[in-house]
Every structure is written in structure tokens, then in C-alpha cells.
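Open the model in your viewer and keep the selection panel handy. The stops below say what to pick and what is there.

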Amino acid sequence: MKYKSQNVAKLYFIAAIGLFIGQILFGVTMGLQYVWGDFLFPAIPFNVARMVHTNLLIVWLLFGFMGSAYYLVPEESERELYAPWLAKLMFWIFLIAGAATIVGYLLFTYSDLAKLTMNDLLPTMGREFLEQPTITKIGIVVVVLAFLFNIGMTILTGRKTVVSLVLLTGLVGLAVFFLFSFYNPDNLFLDKYFWWWVVHLWVEGVWELIMASILAFVLIKITGVDREMIEKWLYIIIAMALISGLVGTGHHFFWIGSPDYWQWLGSIFSALEPIPFFMMTLFAFNVVNKRRREHPNKAATLWALGTAVMAFLGAGVWGFLHTLAPVNYYTHGTQITAAHGHMAFYGAYVMVVLTMISYAMPIMRGRTANNEIAQTLEMWSFWLMTVSMVFITLFLTGAGILQVYLQRYSESPLPFLVVQDKIALFYWLREIAGLVFLSGLLVYVYSFFAKGKEVGEIKEITT
Amino acid sequence: MSNSTAIENEQRLLPGDLAIWFFIFAELLVFGIFFIVYSIQRLQHVELFNQYQATLNKETGAINTVLLITASYFVVRAVDAIKTNNISSCINWLYASLGMGTGFLILKSYEFYSKFSVGIGINTNDFYFFYISLTFFHFLHVILGMIIIFFVILFAKKGKYSAKEHTGIETAASYWHMVDLVWIVLFPLVYIIH
């Protein structure tokens, strides 16, 4: 580790992994509730399990991004973090606020939680993914502003690199677009319209910048390839991500009451959203092939390449499947969306955070890479989680195709709940794949404690 | 070393940086899809498209075509100049191309203004939707092309380029030609053919 203050990332990563475990536990719980509706009822009803599952995902990814930034930025800026104490303070505030919110979801009915947190004063609750009480949202804003100040001051007073500036742009975007979660108009159309400014412009806009810069950083470190080559790819990838992703928001505006032209704009631009992900795949493999050093952290290399491939499949291919307006007319809001959501979040954002953790955690624990056993276990967990996520996606896609046909396309369409019964087999299979994913996650956690033969140091390749 | 050799090999096939060609390809794909969709829509509503096409200002469109082609000629002269190590001439040609680009932006803004000021917008009808969104998207590309040229000028002033190493200038030139090429298709397609 080059700078002492990078160590603050460790806290964030540990919290991220802890919340990740929670997310998956609630995931397998609600996976079972799909086919066994009364499971854990009334203690944890489906809607609560779902809310906790998705909210934990967002919160732990934010912990992961912040941890990644705290590790990456000092090294790129060639100076200590501007205020390490602030990073630690914000960590505890964010963790306590996040935990309190989840406990609130579990202990109170949602309407009571809204009353308790005085949602009436500034109503922002009750919308998918943005269910957090207003006070939590304000907390998120405070934490993110303090984080941006810390990161921004470090970058601006140190060496400026393309990687750190792209990261900063992405993080500023993350903060700015989150502000739309406070806009909660009575008009349902306007509500939905600006809701997507948070949801879409995060995951299909500014988060891609964060992802690309974290991936670029890790690739620079493990391959030793010229920064200049990586930077030019970064420029092209983010330009393409923004060109396709910003107007691509239109693919959410097809059926919410927006003007018709969104069907054209949304279809055309979002059809191009796979391109930056494809470029990222080409870029990652290209860079690893041209590596100038053999890094002993093989697991981190595997995660980095895995991220590129899975992000392209999950976000790119599975997104494209249902992004054209005539297709989306039938598929919107079905299990096709769930299939895409699972693989895209895992492939793009979960995996890029795990890539960073895989690279940085051993260094923060005083070694270049983990021992052989630990790395073997980590690679096992990679395959267990990735392959089971592929199966989760395939089963949900199967469920989705059947659902679309039976419920919306056939000569005599069936009601929603009748269809849900008919596709139960896919849900059972998805639940099994989910349990395999959980086992992969447990192997992953165990890999941090495994002891074994230490690996060598970085070997520069001389030609 | 193998890395830089590989990059040099790539440059023999295409002028400029290989990465920009991926970008150019992706951009042409976007415009290509847009043009195809336009053509299909036009086929289905020929009368409507012909009627409103007649309201477009062909003269400014034609002048803009000349401006962009001239700008392309100027960036070619800039690349020629750097090949003979004539840095100041190269910079001047690049400035001249920026001037042409600025002219394009002014005329196009005037065109947009004259449409918007009489209440025509993206919502008016299918033709205006395509006219405005296509030309505005291209407008943004002209700006991006000019930003790239501007940065290349800054780098050239710092002495980053020479007869031997001028990839950056070729990269900017390649991108500018793409912006030009798109307009050469867009102008007849949207303004002229009926």
C-alpha cells in the first residue's frame, strides 16, 4: 500500500461484504416466497423482503464504490487522503443510518415507518428502490457530499489522472441524480419520469463511469500496461456510454404517458447501449493479453475479466433483448426485466466492486496477493456465484418468455396469478440456483480466512 | 515493447489511433440506424414528409455543406503540414477548420431558431421529430469534433507533434471526416430527396 490513508477502504469493503450477505439471504428468502407465499409470513412479507433485497444491494454497492474511491484516489493522486478522519466518521454514520433503515423496514409496517420518520414533512417514500425514509435520504446526501468533498480535494490538490477524473465525474453524477429522489410530484407521469432520472441515469449512465474507472485502475495495476493506452480506451468507452445511455433513458418512457417520439429515441439509443460494454470486454482482454507483468493475484485478474464479460452479457445482451419498443410492449414489467436486472447488477456493479476488493484487500492486509489456498477458494467462489447467476438469469428468462406468452400474447390471455402458478417450476429452479449462489458467497467470505502457501511477488516481463 | 509495436502495426492500417476507429464505427452505426428508421418512416408517410420538407431552408443547408467540406479540406492540409514538420502552418489550418465549424454552428442555430420561434418543435409531427433530433444530434457531434480539434491545437502548441509522431492530429482529422460524412448523407436525405 503506497499511502496509509488508503487503509480506510478496508472498513468500507468489510461493511459491503456484510451487507452483501444480508442481501443474498433476503434474496433466497423471497425466491422461496415466489413459490411458497406464506413462508415467514407475517414476520417478513414478500414486499418487505424485496425492499430489503434491493435496498441492501444499492447500499452495499455504494459502500463498495466509496471504498474503491478511497483506495484508488490517494494512489492516483499521489498523496494521502485529504481527511481520513472524515472518511471514517462518514463510514459510521452511513452504516448506522443504513442499518437503522433496514431494521425499520423489518420492525414496522411501511406506513408506520413513514409516520415515525415524519415523511409528511417532505414526502419521498413509497417508490420502488427509493423506499428509504426521507431522513435516510438526507443522510445519504450528507454522506455523499462529505465523501465527494474528501475525494475531490484529494484529486484536485494531487496528481490528476484520467482514471481519477472519470471516477470523480461519475461520483458527482451519482450525487446530482440522487437529488431527483426528493422530487415527488402528485402527477404520476411526472413522478415516474423523474424517478428514472435517478434509477436509469445511475445504472445506465454515471455508474458506468465509476465502473470503467475502477476496472481501468485494477487493470493498470495488475498488467502494468501503459496508462496512455488504457486512458484512450476509457475516453471512448465513457463517450459511448453517455451518448447511448443518456437518451437511452427513453426506453423507460415508452408506456408511462410520454410523447410518442420516445419510442423512437428510446429504441434507437438504448439499442446502442451494449456497445460501450462490448468495448469494455475487448479492452479488458486486450490489456491482459498485452500485460507487462505477471501479478501473483490471479483471482483479481479473473474478477476483472469476468466483470467485462458478465457486464456485456447482463447489461448489454439481456438489456437489448427487451429494449426495442415493439418488443417491450409485451415484455415490460415481466420476469424478463428481473432476469436482466439480476445479471446486469451482478455482472457490472457487484463484480467490479469484488474486483477492487480482490485487488486491494490483500494489499491492505500487508501482502501483494493472497496465499494459494485463499486464491483457489476465491476463484471457486467466482465460478459458483457467476455460473449460478447465469442460471438464475436463464430460469427467469424462461419464466419471462412463458409469462409474456400466456399473459399477454396468446389468443386467450390468462390472468397474472394463474400464469404465476404455471411458471412455478422456473421459480423453483431459480431458487436452487440462488442457494448455489449463497454457497458461493460463503466460500468467498471463507477465502479471507484461509491459510496456505504464500505466493511470490510481481514479476516484470522483459522482452 | 511488444505493446508499442502492436500499436504501430495498427496505425499502418488506419490513420490515427485505433481506438477512435471503434468510436467512429459505433457513431456511424447510430446514424446509420437513425437514417434507416427515417427512410422507413418517410416511406410510410411520403406526403407528410414532402410537405414539411419544403419548409426547410435548403440554402443554409447547402452553405453548411460547403462549410463542413471546406473544414475537412483544412484538416487535410493540417495533416499535410505536420508531415513536413511545419507546426505553425498545421495550427493555422486547424484554426481555419474551427472557423468553418463555428460558421456551421451559427447557421444551424439560426435554422433551429427560425423553426422554434414559430412554434415548431420535436412534438409537431413525425417529420419535424426526425429533422430536429437528427440535425441536433449531428450538431452535438460538430461541437465534439471541434473540441477534439481544439485540444489537438493545444497539444500542437506544446510541441507534442512532429513529422514523425502526429497520431493525435490524424485522430482528430479522422473524427472530423466522420462528422462531415454524416452531414453529406444527412443533408440530401432530410433536406433534398422527395
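Predicted model: local features only at pLDDT ≥ 70, side-chain atom pairs only at ≥ 80, totals over all residues.

Select K298(A), A299(A), L302(A), W303(A), G306(A), M310(A) and W318(A) in α11(A).

Helix α11 of chain A covers residues 298-321, and helix α14 of chain A covers residues 372-409. Their axes come within 10 Å and cross at roughly 10 degrees. Angles under 35 degrees count as roughly parallel, so α11(A) and α14(A) are roughly parallel to each other.

**Zoom out to chain A**

Colour by secondary structure. Chain A has 16 helices and two strands. Its radius of gyration is 22 Å, close to the 23 Å that the globule rule gives for 463 residues, so chain A is as compact as a globular protein of that length. The C-alpha trace spans about 70 × 45 × 45 Å along its principal axes. Of the 463 residues in chain A, 50% are buried.

How much of the contact in chain A joins residues at least 24 apart? Among contacts between residues at least 6 apart in sequence, the share is 81%.

**Select G18(A) and V445(A)**

Here is one pair to inspect. G18(A) and V445(A) lie 427 residues apart along the chain, yet their C-alpha atoms are separated by 9.2 Å. G18(A) sits in helix α1 of chain A, residues 8-35. It has 16 C-beta neighbours inside 10 Å and therefore counts as partly exposed.

**Backbone checks**

Most residues other than glycine have a negative phi, and most peptide bonds are trans.

- Go to F41(A) and P42(A). A cis peptide bond joins them, with omega about 5 degrees. P42(A) is in the loop between α1 and α2 (46-77) of chain A.
- Go to E78(A). It is not a glycine, but its phi is positive, about 55 degrees. E78(A) belongs to the loop between α2 and α3 (84-107) of chain A. With 11 other C-beta atoms within 10 Å, E78(A) is exposed.
- Switch to chain B and pick N85(B). Its phi is also positive, about 65 degrees, and N85(B) is not a glycine. The loop between α4 (58-83) and α5 (87-116) of chain B contains N85(B). Is N85(B) exposed or partly exposed? It counts as partly exposed, with 13 C-beta neighbours inside 10 Å.

Notes. Residues numbered from 1 in each chain as written. Chains lettered and ligands numbered in written order. Axes fitted to C-alpha atoms, helices over the stretch in contact; angles between N-to-C directions. Helix = DSSP H or I, 4+ residues; strand = E, 2+ residues; numbered from the N terminus. Parallel < 35°, antiparallel > 145°, perpendicular 65-115°, else oblique. Contact = placed C-beta atoms within 7 Å. Rg over C-alpha atoms; globule rule 2.2 N^0.38 Å. Buried ≥ 20, exposed ≤ 12 C-beta atoms within 10 Å, placed from the backbone.
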